[in-house]
Amino acid sequence: QVQLVESGGGLVQAGGSLRLSCGASGRTFSTYTMGWFRRAPGKEREFVAAIRWSGASTAYADSVKDRFTISGDNAENTVYLRLNSLKPEDTAVYYCAADTSPYSNRGGRDPGGYDSWGQGTQVTVSS
């Protein structure tokens, strides 16, 4: 397991943008699968995006595809989620997650495949 710290959330108008960051401890960040999930009020946690091994592959939920971009920076042990064209329905607490098994094929869209979670950062989109 590793420690994950998210930042970058906030209040933004519909159509606006934010960039979320998730810093990870650990020395083998480049081998992790990193994911972003979100939980809106009264709803289940849902998958948003994932990146394997610092960019070998990425995956997105249909609801955010073409609007959000996940990327990683090995030098900074950080994964980013760029949120563009935000909609009120994107309002949620966004959580960063890590599957720290090297070059693992777990994680991805399944939250059960991750062994480390951050505390979350609130994103609020006003209409």
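In this predicted model, Asp90 has a relative accessibility of 1% and therefore counts as buried, the limit being under 20%. The residue lies in the loop between E8 and E9. Leaving aside residues up to four places away in sequence, Asp90 is in contact with Arg38, Arg67, Phe68, Ser85, Val123 and Val125. Two of these contacts involve arginine side chains. With Arg67, the Asp90 side chain makes a side-chain polar contact of 2.8 Å. With Arg38, the Asp90 side chain forms a salt bridge, with an N to O distance of 2.9 Å. This pair connects distant parts of the chain, since Arg38 belongs to strand E4 and Asp90 to the loop between E8 and E9, 52 residues apart. Arg38, like Asp90, is buried.

Five salt bridges are found in the whole structure. Asp99 and Arg106 form one of them, at 2.7 Å from N to O. Asp99 has a relative accessible area of 0% and is therefore buried, whereas Arg106, at 40%, is partly exposed. Arg106 also forms a salt bridge with Asp115, with the closest N and O atoms 3.8 Å apart. Asp115 has a relative accessibility of 21% and so counts as partly exposed.

The largest nonpolar core contains 35 residues, of which Met34, Trp36, Val79, Leu81 and Tyr94 touch the most other members. Two or more residues of this core come from each of strands E3 (18-24), E4 (33-39), E5 (45-52), E7 (68-73), E8 (78-83), E9 (92-99) and E11 (121-126). In soluble globular proteins, nonpolar side chains tend to be buried together. Leu81, one of the core residues with the most contacts to other members, touches Leu18, Arg19, Leu20, Trp36, Val48, Ala49, Phe68, Thr69, Ile70 and Tyr94, residues up to four places away in sequence not being counted.

Strands E3, E7 and E8, which contribute to the core, also belong to an open sheet of four strands in the order E1-E3-E8-E7, with antiparallel pairing. Strand E1 (4-7) and E7 are the edge strands, each pairing on one side only. On average, neighbouring strands of the sheet are turned by 15° against each other, direction ignored. The antiparallel pairing of E3 with E8 extends over six bridges. Leu18 is positioned opposite Leu83 in E8. Leu18 is also among the residues touched by Leu81.

Key: Residues are numbered from 1 along each chain as its sequence is written. This is a predicted model: local features need pLDDT of at least 70, side-chain atom pairs count only at pLDDT 80 or more; totals for chains, interfaces and linings use all residues. Side-chain values use heavy atoms; hydrogens and water are left out. A nonpolar core is a set of buried Ala, Val, Leu, Ile, Met, Phe, Trp, Tyr and Cys residues joined through side-chain atoms within 4.5 Å. Buried means under 20% relative accessible area, exposed over 50%, partly exposed in between (1.4 Å probe, protein chains only). Contact means heavy atoms within 4.5 Å. Two strands pair if DSSP finds at least two bridges between them. Axes are lines fitted to C-alpha atoms, for helices over the stretch in contact, and angles run from 0 to 180 degrees between N-to-C directions. A polar contact is a pair of N or O atoms within 3.5 Å; within protein, one must be able to donate a hydrogen and the other to accept it, and residues adjacent in sequence count only if both atoms are side-chain atoms. A salt bridge is a side-chain nitrogen of Lys or Arg within 4 Å of a carboxyl oxygen of Asp or Glu.
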